[in-house]
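Please read it with the structure open.

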Amino acid sequence: MSQSLTTPPPVSPPGPWKFPESTTTTTSAGTPVHIFDRPGQYVATVRVTVAMPLFAEPRELEGVATIMSRTLDEGTELHSANDFAAALERHGAAYGVDVSSDALHVEISVPVSHLAPAVKLLAEAVTRPAFNVADVGRHVTIRLGEINQEKANAGYRAREAFAAYLFDASTRRSRPTAGTPDTIRPLTNVQVAEFYRNNIGPARAQILFAGDATGVDVAAILDDAFGDWRAEVGPALETPEPLYLSGDRVVLVDRPGSVQSQLVIGCAGPDRRSAAWGPAAVANHVVGGTITSRVDTVLREEKGYTYGTRSSFAAPRKGGTFTLGGAVRTEVTGAAIGDALRILRDARDGLTEQEVQEAKDSLTLTAPLRYEQADSIIQQVASNIANGVPIDFADTYMQRIAATTAEQATAAYREYVGTNGLLVVVVGEAKDVRPQLTELGLGDLIELT
């Protein structure tokens, strides 16, 4: 059998790319609606994003927002929980809910052919929840069980301790988003319903659609479902600036029996309001953001301490963080931390032009793929809304990244990482790890059980 060999065609340079544009309207209740028409995507995503800063929770009832969100679909004024679930299933709709530091997100993904009835169900959950005694009580019990499971998870314990020791105790983000046993246990349907009435309404919401809108009057469907939403809730209070704790600190969380140590190393970082947000992303990509980063090259490839570590700059509406996280073998915990700290601090001396260009290419040239699907578009836009930036912020962000120089990336990194100290959190076998941390001479050791 003969085989013809051909020369592959030349690869053209990538063309210009922009984040998908929306058509914006409002419902009869005044809620903004953003429609992203994506021809050929016959499974649409509809999300309702409601401004709901967690600092609005009563201190003694933290976690009430999470319980409220989880019980929106557990029975409404029109359907029982079982009937509501069955109705979603009939329309092939997947329902989801999430609570962040600044917003409530409720969404469905559904075939466009079933959009109208599914959106009606979404509106029913958001605007007419029942908050029955039994349903709220069941979710309180479920949440208490989850907390016990989380305490057994090394990654969760590390993140929890990191938040507690990075932020001042007066800052809401120093405590778990979904509450603690002491704040969850007292919750009743009365308190959950009261929190809903005080915080959820059309004046705080925005509605997003992404999918194939060919021949579908999406605006009319959304208005039919949400246009009569009349809850009297004013604008959300503005999230206060977080208060950070500074200085080099080490926190050791004892987890008897661990054969690995879970690490989180980090500090304060920028948020999306800062001009450093784009350059910081480039710097992060170089230092710890990928498998080819400086940290992974040493800890994973050269030393074999870990299967992998990752760093990131992350931020809600106000105040960001930089974190490097991963798991290492117990016996090399001290060595791994020492190497990681050295790499993080050395990066302050400068990033190379080649490193920065490769990071920029990776971040910008993959954007069309990242935002190809309807749900990824909705997630990004909902995040922009929650964080108080324009819905097309991705375009500005990509432009900043593309224009970033090595000098700017280094300056953004140097502005935050290590400037006011680094917090090191270790979750592992304390009796084996403690001597290794002491030898590093990182300062006073805070031990938790």
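## Helix α9 and its two partners

The axes of helix α9 (residues 277-287) and helix α16 (residues 406-416) come within 8 Å of each other and cross at roughly 90 degrees. That makes α9 roughly perpendicular to α16. This is a predicted model: local features need pLDDT of at least 70, side-chain atom pairs count only at pLDDT 80 or more, and totals for chains, interfaces and linings use all residues. Residues are numbered from 1 along each chain as its sequence is written, and side-chain values use heavy atoms, with hydrogens and water left out.

Some terms come first. Helices (H or I, at least four residues) and strands (E, at least two) are DSSP runs, numbered from the N terminus. Axes are lines fitted to C-alpha atoms, for helices over the stretch in contact, and angles run from 0 to 180 degrees between N-to-C directions. Angles of 65 to 115 degrees count as roughly perpendicular, under 35 as roughly parallel, over 145 as roughly antiparallel and the rest as oblique. Contact means heavy atoms within 4.5 Å.

On the α9 side, P279, A280, V282, A283 and V287 meet Q408, A409, A412 and Y413 of α16. By class, this contact of α9 with α16 has 8 nonpolar, 1 polar and no charged residues. Here Ala, Val, Leu, Ile, Met, Phe, Trp, Tyr, Cys and Pro count as nonpolar, Asp, Glu, Lys and Arg as charged, and the others, Gly among them, as polar.

Helix α9 also packs against helix α12 (residues 353-365), at an angle of about 110 degrees and with the axes 9 Å apart. The pair α9 and α12 is therefore roughly perpendicular. A281, V282, H285 and V286 in α9 meet E355, V356, A359, K360, S362 and L363 in α12. The residues of this contact of α9 with α12 divide into 6 nonpolar, 2 polar and 2 charged.

Buried means under 20% relative accessible area, exposed over 50%, and partly exposed in between (1.4 Å probe, protein chains only). In helix α2 (residues 81-90), the buried residues are A81, F84, A87 and L88. They cover an arc of only 125 degrees around the axis, which puts them on the same side of α2. The arc is that of the directions from the helix axis to the C-beta atoms. N82, E89 and R90 are exposed on the other side of α2. The cover over the buried residues of α2 includes β4 (94-99), β5 (103-111) and α3 (115-127). G92 follows α2 and has a positive phi, near 65 degrees.

Helix α8 (residues 218-226) has V218, I221, L222, A225 and F226 as its buried residues. They span an arc of only 110 degrees around the axis, which puts them on the same side of α8. What covers them includes β2 (32-37), β3, α3 and β6.

## Strands and sheets

Strand β3 (residues 43-51) is mostly covered, with 7 of its 9 residues buried. Two strands pair if DSSP finds at least two bridges between them.

| Strands | Bridges | Direction | Opposite residues |
|---|---|---|---|
| β3 and β5 | 9 bridges | antiparallel | V43 and P111 |

An open sheet of 6 strands has the order β9-β10-β8-β11-β7-β12, with mixed pairing. β9 (309-314) and β12 (445-448) stand at the edges, each with a single partner strand, so one side of each is left without a neighbour in the sheet. Neighbouring strands of this sheet are turned by 15 degrees against each other on average, direction ignored. Helix α5 lies across β7 (249-254), β8 (260-269), β10, β11 (423-428) and β12, and runs at about 30 degrees to β8.

## Two single residues

D339 sits in helix α11 (residues 333-346). D339 is buried, with a relative accessible area of 12%. Not counting residues up to four places away in sequence, D339 touches V298, L299, K303 and Y305.

T177 lies in the loop between α5 (154-166) and α6 (181-184). T177 is partly exposed, with a relative accessible area of 33%. T177 and V64 are 113 residues apart in sequence and 9.7 Å apart in space, C-alpha to C-alpha. Contacts of T177, not counting residues up to four places away in sequence, are L54, E57, G63, T66, V99 and R172.
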